[in-house]
Amino acid sequence: MRIALLGGTGDVGEGLAVRWGRDTDHELLVGSRDPERAREAATAYAETVAADTGGDPDDLAIKGFTNEMAADRAEIVVLAVPPYHVADTVETVADGLDADDVVVTPAAGMQRDEDGFSYHPPGTGSVAALVREETPDAVPVVGAFHNLAAGRLAALDAPLGIDTLVFGDADDAVSRIVRLAEEIDGLRALRAGGLGNAPEVESLTPLLINVARENDDLHDLGVRFD
Ligand SMILES: NC(=O)c1ccc[n+]([C@@H]2O[C@H](COP(=O)([O-])OP(=O)(O)OC[C@H]3O[C@@H](n4cnc5c(N)ncnc54)[C@H](OP(=O)(O)O)[C@@H]3O)[C@@H](O)[C@H]2O)c1
């Protein structure tokens, strides 16, 4: 499978790229607004994976592209960009999406004040609803990976043992993303219903950040539903 990580030069892009790069044989297309930055990031991720596995970075299918090229070539398109830029990003890649693809949003709108972080969705009610609005109707949208700390994903020696919640209105698409998430060692994917449940899932992100900030040794924490 070909997976595009749009904004894959950032923290979540790195974490997902090195985990899928190590744990699967999928082709990883690191996307950026700047193809040179994408190529540099892809090379660095391949080196990280090879250092962990003892393999050769040149044997790994992790390559850099513009966001448009990555989305056009991939079947799974992860919007690993800040929440305020998901709409623009979807607009730039929309022509390359088709009904067999799945668009995945891990984004949570947040704001910060003196008490910490709070959930701050766009006017659509959730980032996922905004992505749904911007994405061509035939292309399924799935939410996943909101509650994973990027730093923990990127540290390949860190065991995960955590859950991610996956939601969406198209059952086949949700199943594809559940399987893809569970190919990462130590990650369990739990279904969380339809896109209408996005606010509950997205609002976990500021909650986890606040808990991490308030408690020593809980940096990069995750959740396990048990
Ligand atoms: N960080 C976490 O631990 C975490 C955990 C769970 C979910 N998330 C969600 O995952 C998403 C990505 O988070 P992140 O921490 O990886 O973000 P990030 O590192 O701040 O940014 C990711 C990438 O977005 C691109 N970008 C920046 N400004 C942009 C713009 N104006 N238009 C289009 N692209 C732009 C950049 O790539 P180029 O400059 O190369 O184009 C950047 O490398 C967010 O929506 C966040 O809510 C984050």
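How many of the residues of strand 3 are buried? Strand 3 is mostly covered, with 4 of its 5 residues buried. Buried denotes under 20% relative accessible area, exposed over 50%, and partly exposed the range in between (1.4 Å probe, protein chains only). Strands here are DSSP runs of E with at least two residues, helices are runs of H or I with at least four, and both are numbered from the N terminus.

The model is predicted: local features need pLDDT of at least 70, side-chain atom pairs count only at pLDDT 80 or more, and totals for chains, interfaces and linings use all residues. Residues are numbered from 1 along each chain as its sequence is written, and side-chain values use heavy atoms, with hydrogens and water left out.

An open sheet is formed by 8 strands in the order 3-2-1-4-5-8-9-10, with mixed pairing. Strand 3 (62-66) and strand 10 (187-191) are the edge strands; each has a single partner, so one side of each lacks a neighbour in the sheet. On average, neighbouring strands of this sheet are turned by 25° against each other, direction ignored. Two strands count as paired if DSSP finds at least two bridges between them. Strands of a sheet pair through backbone hydrogen bonds, either parallel or antiparallel.

Glycine 31 stands opposite phenylalanine 65 of strand 3. Two facing pairs can be named. Threonine 164 stands opposite alanine 189 in strand 10, and valine 166 stands opposite arginine 191 in strand 10. Strand 9 also pairs with strand 8, in the antiparallel sense over 2 bridges. There, phenylalanine 167 of strand 9 is the bridge partner of glycine 143.

Strand 9 is largely enclosed by the rest of the structure, because 7 of its 7 residues are buried. In a regular strand the side chains alternate between the two faces of the sheet. Both faces of strand 9 are covered: Ile162, Thr164, Val166 and Gly168 are buried on one side, and Asp163, Leu165 and Phe167 on the other. Helix 5 (residues 127-134) lies across strand 4 (76-79), strand 5 (102-105), strand 8 (141-143) and strand 9. Helix 5 runs at about 150° to strand 5. Axes are lines fitted to C-alpha atoms, for helices over the stretch in contact, and angles run from 0 to 180 degrees between N-to-C directions.

The ligand has 22 residues around it, of which Thr9, Ser32, Arg33, Arg37 and Val81 come nearest. A residue is counted here if one of its heavy atoms lies within 4 Å of the molecule. Polar contacts are pairs of N or O atoms within 3.5 Å; within protein, one must be able to donate a hydrogen and the other to accept it, and residues adjacent in sequence count only if both atoms are side-chain atoms. A polar side-chain atom of serine 32 lies 2.5 Å from a ligand oxygen atom. For arginine 33, an N or O atom of the side chain is 2.7 Å from an oxygen atom of the ligand. Alanine 108 places a polar backbone atom 3.2 Å from an oxygen atom of the ligand. The protein covers 77% of the 890 Å² of accessible area that the ligand has on its own. Accessible areas come from the Shrake-Rupley method with a 1.4 Å probe; for residues, only the protein chains shown count as cover.

Serine 32 belongs to strand 2 (residues 27-32). Its relative accessibility is 2%, so serine 32 counts as buried. Contact means heavy atoms within 4.5 Å. Beyond four places in sequence, serine 32 touches Thr9, Arg37, Ala38, Phe65, Thr66 and Asn67. Asparagine 67 lies in helix 3 (residues 67-73) and is buried at 5% relative accessible area. Its contacts beyond four places in sequence include Gly7, Ser32, Arg33 and Thr89. Glycine 7 sits in the loop between strand 1 (2-6) and helix 1 (11-23) and is buried at 14% relative accessibility.

Most residues other than glycine have a negative phi. Phenylalanine 145 has a positive phi near 75°; it lies in the loop between strand 8 and helix 6 (150-154) and is buried at 4% relative accessibility. Aspartate 217 has a positive phi of about 65°. Aspartate 217 follows helix 9 (204-214) and is exposed, at 79% relative accessible area.
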